[in-house]
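This briefing sets out selected local features of one protein model, grouped by topic. Please read it alongside the sequence and the coordinates.

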Amino acid sequence: MRLLHSLIPALALLLSSNAIAQTSYPDRPIKMIVPLAAASAVDVAARIVTQKMADNMGQQFVILNQPGASGMIGAEQVARAEPDGYTIGGFNDSIMTMVPNLQSKMRWDILKDFEPVSLVATVEWGLVASNRASFKSAADLIAAAKAAPGKIDYGSGGPGSPQHLAMAMFASAAGISLTHVPYKGATQAATDVAAGQIPVGFQGLGTVAALVRGGQLKLIGVTTEKRLAQFPDVPTVSESGLPGFFFNSWFAILAPAGTPKAIIARLNAEALKAVGDPEVRRKLDELGFAVRGSSSEELRVMTRDQLAKYARVIKEMGIANEQAAGAKRSALRCAGEVRYRPKLVPQWRLAISA
């Protein structure tokens, strides 16, 4: 009992200090780790939103891009960071709900090692083609792939990336075979489509909008239910070749597990305030984002549900098996059993079949 009484003042002091720290938060710059390439859709959105959050909070946000390993390295840095609100993550749903279903060994658990802050926006997607390619619609791509199974390449941001999953779902639904060329990030994949190194790919519109408007890429379909006001002349994939095909992805903010609830609430409120700003909404809308905003708990439920959904989709489509096959091909590269592409970032061609 004496021990308990002696601990009470220390505990009160600790709680008081914690409360003071939270009320003064933030008192130094906040680091956001984006486990994706610079200029990718989530990176673009993160810079727009955090700039407004910085203006409103009076503290700088520093964006650190950590692409590679399908986002697992950058995500682990967030998971292992001090849970004090000064290191957070800007993730897409590939990192949150696709990659965990594709990797047999994970160094972090998306449901246990992170604290959800907010679903900020959804990324609308499009089917893009090189200006050198003959494809003008989803139907053209399907017809060409059926005429030459496995002969058409497509680029992605890496195995298990949204670009990979979107095209795998498209190929499966259309009954075609395409060849997957994985890059270290979505931006690199988009750049090589624009350069004519790769003929086609799915991309978040935030990544490719400038290239499309600049005439460097053809946007031949959008994966929304209706045509987008930003690109009114571009048909949906559903209306132009593959009925019922829809796809989008997320930009969400997460913090390390154990981050105080008061700080999570502050970050959530500031994120919602930022996306409620008319200028921020205009910029995101022009780039093909749909502003969402959610509570921490709503994002937690969405993550759990989508994790289960993609577990079913990936199993049904055999994508996990393709991952294993890709690893085996990479191991055999010295024996000359995999074709080397020196001009491409990804280096190895991996076949995907419907």
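How many aromatic pairs does the structure hold? The structure holds 7 aromatic pairs, where rings of Phe, Tyr and Trp (its six-membered ring) pair if their centres lie within 6.5 Å; planes under 30 degrees apart count as stacked, over 60 as edge-to-face and the rest as tilted.

The model is predicted, so that local features need pLDDT of at least 70 and side-chain atom pairs count only at pLDDT 80 or more, while totals for chains, interfaces and linings use all residues. Residues are numbered from 1 along each chain as its sequence is written, and side-chain values use heavy atoms, with hydrogens and water left out.

- Tyr 25 and Tyr 86 form an edge-to-face pair, at 5.2 Å centre to centre with 65° between the planes.
- Tyr 25 lies in the loop between helix H1 (2-23) and strand E1 (30-34), and Tyr 86 in the loop between helix H3 (72-79) and strand E3 (87-91), so the pair ties together parts that are 61 residues apart in sequence. Helices (H or I, at least four residues) and strands (E, at least two) are DSSP runs, numbered from the N terminus.
- Tyr 25 is buried at 3% relative accessibility, and Tyr 86 is buried with a relative accessible area of 10%. Buried means under 20% relative accessible area, exposed over 50%, and partly exposed in between (1.4 Å probe, protein chains only).
- The ring centres of Trp 108 and Phe 114 are 5.5 Å apart and their planes stand at 90°, so this pair is edge-to-face.

**Charges over rings**

- Arg 28 lies over the face of Tyr 86, at 3.6 Å from the ring centre. The criterion is that NZ of Lys or CZ of Arg is within 6 Å of the ring centre and within 35 degrees of the ring normal.
- Lys 309 lies over the face of Tyr 310, at 5.2 Å from the ring centre.

**Cavity**

- The whole structure contains 1 cavity of 30 Å³ or more. On a 1 Å grid over the protein atoms alone, a cavity is a set of points where a 1.4 Å probe fits but cannot get out, and a pocket is an open set with protein on both sides within 12 Å along at least five of seven lines; lining residues have an atom within 4 Å of a point.
- The largest cavity holds about 60 Å³ of space. Grid points are joined across faces, edges and corners, and a volume is the space filled by probe spheres set on the points.
- Its lining consists of Met 96, Ile 110, Leu 111, Phe 114, Glu 115, Pro 116, Leu 254, Arg 300 and Thr 303.
- Strand E4 (114-129) and H11 each supply at least two residues of this lining, and E4 gives the most, with 3 residues.
- By type, the lining of the largest cavity divides into 6 nonpolar, 1 polar and 2 charged residues. Ala, Val, Leu, Ile, Met, Phe, Trp, Tyr, Cys and Pro count as nonpolar, Asp, Glu, Lys and Arg as charged, and the others, Gly among them, as polar.

**Second largest pocket**

- The second largest pocket has about 240 Å³ of space. Of its 15 lining residues, the closest to the centre are Glu 124, Thr 223, Phe 246, Phe 247 and Asn 248.
- Strand E9 (248-256) and helix H11 (296-317) each supply at least two lining residues, and H11 gives the most, with 3 residues.
- The lining of this pocket comprises 6 nonpolar, 4 polar and 5 charged residues.

- Helix H6 (residues 162-174) has 13 residues and reaches 18 Å from its first C-alpha to its last, close to the 18 Å expected at 1.5 Å a residue, the expected span being 1.5 Å times one less than the number of residues.
- H6 is mostly covered, with 10 of its 13 residues buried, including His 164, Met 167 and Phe 170.
- Arg 304 is found in helix H11 and is partly exposed, with a relative accessible area of 44%.
- The C-alpha atoms of Arg 304 and Leu 111 are separated by 7.3 Å, although these residues are 193 apart along the chain.

**Backbone features**

- Tyr 25 and Pro 26 are joined by a cis peptide bond with omega of about -5°, and Pro 26 is placed in the loop between H1 and E1.
- Ala 39, in the loop between E1 and helix H2 (41-57), has a positive phi of about 75° although it is not a glycine.
- Ser 70, in the loop between strand E2 (61-65) and H3, has a positive phi near 55° and is partly exposed at 22% relative accessibility.
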